[in-house]
Amino acid sequence: MIRDITIGQYYPADSIIHRLDPRVKFTGTLALIVSLFLFDSFYGFLLCGGFVAAVIIMAKLPLKYVLKGMRPILFLLLFMMIFNLLLTPGEVLGSWWIFTVTKEGIRSALFMGLRLIFLVLGSSIMTYTTTPNKLTDAMERIFAPLKLIKVPVHEFSMMISIALRFIPILLEETDKIMKAQQARGADFENGNVFKRIKALIPLLVPLFVSAFRRAGDLAEAMEARCYHGGKGRTKLKPLKYAFRDAIAYIVLVGLIVGAVFIP
Amino acid sequence: MSLILDNISYIYGKATAFETYALKNVNLAIPDGEFIGLIGHTGSGKSTLIQHMNGLVKATEGNIYFNGADIYDKDFKMKELRRKVGLVFQYPEHQLFETTVIRDVLFGPKNMGMEQLDAELAAYGALKAVGVGEDLLDASPFELSGGQKRRVAIAGVLACKPDILILDEPTAGLDPVGRIEILSLLKQIHEEQKITVILVSHSMEDVAEYVERIIVMNDGEVVMDDSPRVIFEREEELKAMGLGVPQVTRVCRRLHSLGMDINPDCITIDEAEQEIKKKFGLV
Ligand SMILES: Nc1ncnc2c1ncn2[C@@H]1O[C@H](COP(=O)(O)OP(=O)(O)OP(=O)(O)O)[C@@H](O)[C@H]1O
Ligand SMILES: [Mg+2]
């Protein structure tokens, strides 16, 4: 079911990772992504894998739920791995028709695959454990210096926050419209490619209509509450660092240093 | 023709933090030709229950039999079930998508595999039954008023010629006139085409006026299943579930408790009118 798409959605639980300051989680995710490209060895992946696994356990996220969230990238992952496997030049291990498999190919396919997996895992752990509001608060604070060169930081983070908030709403709406059309005999699962694309029209038209209606409603509701951008706006719950955040930063520095110095 | 729900349970978001029990051990039999009201407090599982009836949602536990056939059997023809059990969702106007009204109504019948001519006949018939005039056939469904859109959407399901028609709060958000029109329309369809109608509603007045059997849900369970008159005798229990009895019943009971010689169990305005007229010797 469409509802099973969990990527980018908040997963409520009571854990230390959930309580961390969102700025830590945001920079942490960036640190993880950067460190993924700093090494090219088995031990590096062991380090990153260990880190990600530890965070998942500490965040009390059910493994099944996390894995289910990876399903949408499966296709991309396979695609990338196969290309890497077949198109990397080097020491030939075997060949078939126009394809050759090389030692370097296997290595690079494996590593690229692992990189992509950790990248998506890392960023989805962030969204699983941080509400969209907190996440955009963090972005706004982290990028605040850019305001000096007239970048509309607040407006950008408001846009992102609304976009994130709309993901589950639109998924729910999609689910509802799909069911309503299925009740009228629509078939989204069978048939060839053309049939399936054509079958999407009864889904997409109402979905767009409703997205525009919701967007209009939201804009009106915001204006009715005198929203006029970020200038002079204060926070109901300003972000504040706690001791655990300092520890988390130290761990992150450790991760980066480890990634740089690993052979 | 019958629909039997055998010990149905349903859990949303199984094995996650979002796990909610939406249905618990529901047993129901829906025989032919009844006009049934399904009531319950918000979140009691009404919408979830009716989505089981045409196989859109698969029960976590339990079985459903349509005319004796298990609908979860591998070779059960789900499309046939979807045609015979028509489901009109809440705010059905949000599903309209075609360029013209008639094309939108034709969507269902064509999917169900009707011939072009039969499908068109069914579509015209359905639009006529819901009171959409011929002048609107070629209008864009997005240009219609809210009430007209709702009718077109109901026609879209009716055109599939279902044996059981289920409607999820078809009168939500309509004005009083629109409400009465839709409800009398359902009654008329029920009587003329002899189909089973299941009406999900929050309004005790509506169900008292139109249905012959009420199913009451609370917290995912079916707690009462009887004729309106019997159900509305259990006023205290209904109140405890956040429901109640029709206003006119409350009035009659109050008058009765004040010592007036009047039947405390009137459930429709007509009945109460007769009672009061009788009391004052006007009939
Ligand atoms: N898609 C969903 N995902 C998770 N939980 C859901 C979903 N749909 C409904 N629920 C939950 O299932 C329960 C029953 O919901 P349902 O929509 O069937 O109630 P209802 O009786 O139709 O309510 P209403 O009168 O408000 O329409 C509720 O607790 C609701 O929160
Ligand atoms: Mg409902």
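In this predicted model, 23 residues of chain B touch 21 residues of chain A, with contact meaning that the C-beta atoms of two residues, placed from the backbone, lie within 7 Å. On the chain B side, the elements that put in two or more residues are α2 (78–84), α3 (101–111) and α5 (146–158) of chain B. (Helices here are DSSP runs of H or I with at least four residues, strands are E runs with at least two, and numbering goes from the N terminus.) Sorted by class, the side of chain B that touches chain A has twelve nonpolar, eight polar and three charged residues. For the sorting, Ala, Val, Leu, Ile, Met, Phe, Trp, Tyr, Cys and Pro count as nonpolar, Asp, Glu, Lys and Arg as charged, and the others, Gly among them, as polar.

How far does the predictor trust all this? The complex gets an ipTM of 0.89 and a pTM of 0.82. Chain B averages a pLDDT of 91, and 100% of the residues score at least 70; pLDDT is the predictor's confidence in each residue, from 0 to 100. Local features need a pLDDT of at least 70 and side-chain atom pairs count only at 80 or more, whereas totals for chains, interfaces and linings use all residues. As for labels, residues are numbered from 1 along each chain as its sequence is written, while chains are lettered from A and ligands numbered from 1 in the order in which they are written.

On to chain A, which has eleven helices and two strands. Read from the N terminus, the order is α-α-α-α-α-β-β-α-α-α-α-α-α. Its C-alpha atoms fill a box of roughly 65 × 55 × 40 Å along the principal axes.

Two helix pairs of chain A can be looked at in detail. The axes of α5 (residues 74–87) and α6 (residues 103–129) of chain A come within 7 Å and cross at roughly 160°. Axes are lines fitted to C-alpha atoms, for helices over the stretch in contact, and angles run from 0 to 180 degrees between N-to-C directions. α5(A) and α6(A) are therefore roughly antiparallel to each other (under 35 degrees counts as roughly parallel, over 145 as roughly antiparallel, 65 to 115 as roughly perpendicular and the rest as oblique). Residues making this contact include A:Leu77, A:Met80 and A:Met81 of α5(A), plus A:Ile106, A:Ala109 and A:Met112 of α6(A). By class, the contact has nine nonpolar, four polar and no charged residues.

The other pair is α2 (residues 22–36) and α11 (residues 243–261) of chain A, whose axes come within 10 Å and cross at roughly 10°. That makes α2(A) roughly parallel to α11(A). Here A:Val24, A:Gly28, A:Ala31 and A:Ser35 of α2(A) meet a set in α11(A) that includes A:Tyr249, A:Leu252 and A:Ile256. The tally is eight nonpolar, two polar and one charged residues.

Back in chain B, four strands form an open antiparallel sheet in the order β2-β1-β4-β5, where strands pair if DSSP finds at least two bridges between them. At the edges sit β2 (20–30) and β5 (69–70) of chain B, each pairing on one side only. Strands β1 (residues 3–12) and β4 (residues 61–66) of chain B pair over five bridges in the antiparallel sense, and B:Ile4 has B:Tyr65 in β4(B) as its bridge partner. β9 (residues 213–218) and β10 (residues 221–226) of chain B are also antiparallel, over five bridges. β9(B) and β10(B) form a hairpin with two residues between them, and B:Asp219 in the turn has a positive phi of about 55°.
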